[in-house]
Amino acid sequence: MSSLVNNTLDHQPAAHWGGVLAMTLCVFTLVASEFMPVSLLSPISHDLGVSEGLAGQGIAISGALAVLTSLSVSALSGSMNRKALLLGLTVLMAISGVVVALAPDYLTYMTGRALIGVVIGGFWSLSAATAIRLVPENQVPRALAIFNSGNALATVIAAPLGSYLGSVMGWRGAFLCLAPIVLIAFIWQWITLPSMASEKQEKKTKNVFRLLGNPLVAAGMAACGLFFMGQFALFTYVRPFLETVTQVSVSTLSLVLLLIGIAGFIGTLLISSVLRRAFYPTLIVIPLLMTAIVIALTVTGHHLSAVVPLLVLWGLVATAAPVGWWSWITRTLPDDAEAGGGLMVAVIQLSIALGSTAGGLAFDHSGWQTAFTLSALLLVVAAILAFLTSRKELSHHA
């Protein structure tokens with residue numbers, strides 16, 4: 001997917017590149033909506049009268065609903081035209097943002113976050129199949145790379161922009177600012193997406209559950225899941241850590257989040273060349289490096305001069321690592337890449353939900369050091385599982 005930077009949109013008479021770009025804008029808004037609370041936890045918790053840990057469960061519930069939706073969207077949507085389904089999910093994204101922005105209480109806030117979870121699960125489950133129908137077969141990887149660019153862009157700017165908008169117009173205004181972008185994405189998709197009749201899903205469903213019986217796939221999915229759990233047990237609570245421990249101002253907070261995002265974007269561009277040279281060593285070393293960062297943050301958390309470079313390094317490797325795991329899918333399951341991708345969506349979202357929930361409980365009841373320790377332990381286990389996955393691949397090909 002990182003080949004996006006080196007490729008341009010070649011002319012393909014049968015391709016719907018406008019639809020690909022429209023869906024990319026949708027991806028950007030979706031990812032921005034999903035992780036907007038990360039940079040706004042403190043004002044959300046204060047306004048709604050709940051702890052920062054409870055406010056952080058807005059990330060957890062969206063992840064949980066994404067898991068349920070990713071496993072059921074095809075069956076529930078039946079014979080519905082996929083263009084209409086994607087447009088419907090885009091409308092639901094807009095409704096979610098408005099519900100969150102206008103939420104008078106915590107329950108309404110969580111309802112809005114649950115709705116965005118439905119969109120996340122539905123959209124990502126359909127993305128690969130949609131790419132196949134929008135462009136010729138040899139252009140599908142490029143289309144998926146362009147989708148991913150929306151994810152990368154949102155990763156760079158969503159958190160710092162959310163923090164900045166929250167300081168200027170409040171956290172509710174920050175969420176409302178997403179609505180016009182969603183409207184543009186809806187109109188663009190409506191104009192550019194072709195009609196896409198539904199296809200039978202029975203074979204695809206079987207493939208997803210059959211893959212779990214493969215020890216290599218099971219080990220890799222577990223390693224990927226533990227990685228995301230460890231990452232979000234810490235990253236969901238970066239803002240309260242910076243505010244209460246490092247004691248940064250709002251403007252400094254926005255700058256730190258921006259630097260983390262820029263580092264993540266750079267890491268995403270660089271990771272493919274590293275993976276080509278040392279695939280499994282990279283998947284093993286990244287969570288170990290992140291563990292070392294967590295330990296260093298625990299020791300130096302009160303010193304801004306140490307915290308900033310550590311978090312920038314975290315962004316560089318943590319954002320790049322998922323590229324490695326998506327590459328692992330195409331490497332391990334070349335004939336079942338779509339089924340494997342669907343399974344990974346569920347694993348990643350479930351892991352984000354579990355990680356942010358566990359981190360929130362630890363943050364509220366035992367302090368930030370406990371949440372960080374939990375993150376470090378999960379990342380170490382992820383590295384061990386990545387090593388075991390590499391061993392299983394060797395024995396698989398022996």
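W314 contacts G230, Q231, L234, F235, M290, I293, V294, T319, S375 and L379, leaving aside residues up to four places away in sequence. Contact here denotes heavy atoms within 4.5 Å. The model is predicted, so local features need pLDDT of at least 70 and side-chain atom pairs pLDDT 80 or more, while totals for chains, interfaces and linings use all residues. Residues are numbered from 1 along each chain as its sequence is written, and side-chain values use heavy atoms, without hydrogens and water.

The largest nonpolar core has 119 residues, of which L242 and W314 touch the most other members. Such a core joins buried (under 20% relative accessible area, 1.4 Å probe, protein chains only) Ala, Val, Leu, Ile, Met, Phe, Trp, Tyr and Cys residues through side-chain atoms within 4.5 Å.

Helix α9 (residues 215-235) and helix α12 (residues 279-300) cross at roughly 25°, and their axes come within 11 Å. α9 is therefore roughly parallel to α12 (an angle under 35 degrees). Axes are lines fitted to C-alpha atoms over the stretch in contact, with angles from 0 to 180 degrees between N-to-C directions. The helices are DSSP runs (H or I, at least four residues), numbered from the N terminus. From α9, the contact involves L216, F227, Q231 and L234; α12 supplies Y280, I286, P287, M290 and V294. Eight of these residues are nonpolar, one is polar and none is charged.

Helix α1 (residues 17-35) packs on helix α4 (residues 82-101) at about 35°, the axes lying 11 Å apart. M23, C26, T29, L30 and S33 of α1 meet L86, T90 and M93 of α4.

Conventions:
Buried means under 20% relative accessible area, exposed over 50%, partly exposed in between (1.4 Å probe, protein chains only). Helices (H or I, at least four residues) and strands (E, at least two) are DSSP runs, numbered from the N terminus. Angles under 35 degrees count as roughly parallel, over 145 as roughly antiparallel, 65 to 115 as roughly perpendicular and the rest as oblique. Ala, Val, Leu, Ile, Met, Phe, Trp, Tyr, Cys and Pro count as nonpolar, Asp, Glu, Lys and Arg as charged, and the others, Gly among them, as polar.
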